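Please keep the structure open while reading them.

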Amino acid sequence: MPSNERIAEYSMKATGMGISEIAITEHLFRFKQSLSLLNTVVARESNVEMADSMKAYFNFHATMDLDQYVESIQVAKNAGLPVRLGLEVDYYRGSMDEVSTMLSGYPFDVILGSIHWLGTWRFDDLDDPLSMGQWGVVSPDAVWMAYEEAMKELTETDACDVIAHPDLIKVHGEKPPMNSEFWSIMADILSKSGMTVEVSSAGWRKPVGEQYPAVELLAELARRGVPFTTASDAHTLSLVGDQMDKLRAMLIDVGVTSVRSFSTRVARDIDISQESTIESA
Ligand SMILES: [Zn+2]
């Protein structure tokens with residue numbers, strides 16, 4: 001749970017870097033309120049080892065109270081800090097309506113949607129040997145197609161406003177088997193959804209060594225007029241605003257003229273040439 005001091009530190013760091021607002025976006029699976037959703041994910045898995053691993057992962061993380069989280073961010077907002085109440089919602093196959101219903105009573109400014117696991121496979125859990133071992137078990141074609149299917153379902157819901165790190169599946173540096181064809185399919189899925197897409201510096205800190213999304217996908221999205229937000233996905237104070245200038249330069253390079261800000265889930269476009277920018281961490 002982010003303490004008031006921590007939120008203030010994040011805000012101060014962001015402000016000092018010329019960032020005008022910062023969305024705090026904790027994961028939904030870290031809250032006790034998500035336990036029934038999480039149990040559904042585990043119950044669907046027929047592989048006992050994978051199911052047990054996911055269950056242990058969820059039990060370890062689902063400890064916070066969503067109401068207290070919302071309250072703590074609201075206190076910071078009321079104190080005048082430039083923060084937005086955000087949340088990162090993972091993809092729950094077949095259960096996104098349940099997610100929407102669960103979150104409908106909360107005053108979120110912005111909800112990110114993301115795919116960190118396919119079924120119970122935490123494909124970007126770099127420290128987990130079982131998850132990493134799966135990369136050798138599932139064929140590359142099947143991996144990318146499963147990710148594409150997941151993205152289709154996630155973007156057809158109204159559970160979220162922004163798709164975070166839209167090509168996270170490349171985290172290890174694996175290239176999509178179809179390359180340009182894959183990027184164009186993904187760009188179609190994302191642009192049809194009407195959602196905003198996040199451009200994030202977090203990929204520079206992962207084995208893939210590049211931002212999300214890949215330049216090819218970024219250019220395809222820009223060509224289709226898809227709106228963007230920027231993010232560091234910081235997790236720690238030192239990474240707040242990480243490489244924001246580089247991200248902004250990449251956006252300008254593909255012809256983007258504005259970035260998006262959200263308040264009570266309503267979008268507003270801000271000129272990208274302004275000194276300040278927006279970020280989610
Ligand atoms: Zn994420």
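Predicted model: local features only at pLDDT ≥ 70, side-chain atom pairs only at ≥ 80, totals over all residues.

1. Start at the end of helix α9. This helix is followed by Gly225, which has a positive phi, near 75°.

2. Next, look at helix α9 itself. Which of its residues are buried? They are Leu217, Leu218, Glu220, Leu221 and Ala222. The cover over these buried residues includes α8, β5 (196–200), β6 (228–231) and α10 (244–253).

3. Glu220 deserves a separate comment. It counts as buried because its relative accessibility is 19%, and the cut-off for buried is under 20%. Glu220 forms a salt bridge with Arg223, with the closest N and O atoms 3.1 Å apart. Both residues belong to helix α9 (residues 215–223) and are three residues apart, about one turn of the helix.

4. Glu220 has another partner. It also forms a salt bridge with Arg224, where the closest N and O atoms are 2.5 Å apart. Arg224 has a relative accessibility of 27%, so it counts as partly exposed. Asp188, Glu220, Arg223 and Arg224 are linked in a network of salt bridges. As background, side chains of opposite charge can pair when their charged atoms come close.

5. How many salt bridges does the structure hold? The total is 16. One of them is formed by the side chains of Asp128 and Arg122, at 3.4 Å from N to O. Asp128 and Arg122 are both buried.

6. Now turn to the zinc ion. Which residues are its protein donors? They are Glu88 (OE), His116 (NE2) and His165 (NE2), lying 2.1 Å from the ion. The spacing of these donor residues in sequence is E-x27-H-x48-H. Glu88 and His165 link distant parts of the chain, being 77 residues apart. Glu88 is in strand β2 (residues 83–90), while His165 is in the loop between β4 (162–163) and α8 (180–193). Both Glu88 and His165 are buried.

7. Is Thr120 buried or exposed? With a relative accessibility of 3%, Thr120 counts as buried. Its side chain makes a polar contact of 2.6 Å with the side chain of Glu45. Setting aside neighbours within four places in sequence, Thr120 is in contact with Val41, Glu45, Met50 and Met54.

8. The last point concerns confidence. The mean pLDDT of the protein is 91, and 97% of the residues score at least 70.

Conventions
Residues numbered from 1 in each chain as written. Heavy atoms only, no water. Salt bridge = Lys/Arg side-chain N within 4 Å of Asp/Glu carboxyl O. Buried < 20%, exposed > 50% of the residue type's maximum accessible area, 1.4 Å probe, protein only. Helix = DSSP H or I, 4+ residues; strand = E, 2+ residues; numbered from the N terminus. Donors = N, O, S within 2.8 Å, 3.2 Å for Na, K, Ca; no water. Contact = heavy atoms within 4.5 Å. Polar contact = N/O pair within 3.5 Å; in protein donor to acceptor, adjacent residues only side chain to side chain. pLDDT = per-residue confidence, 0-100.
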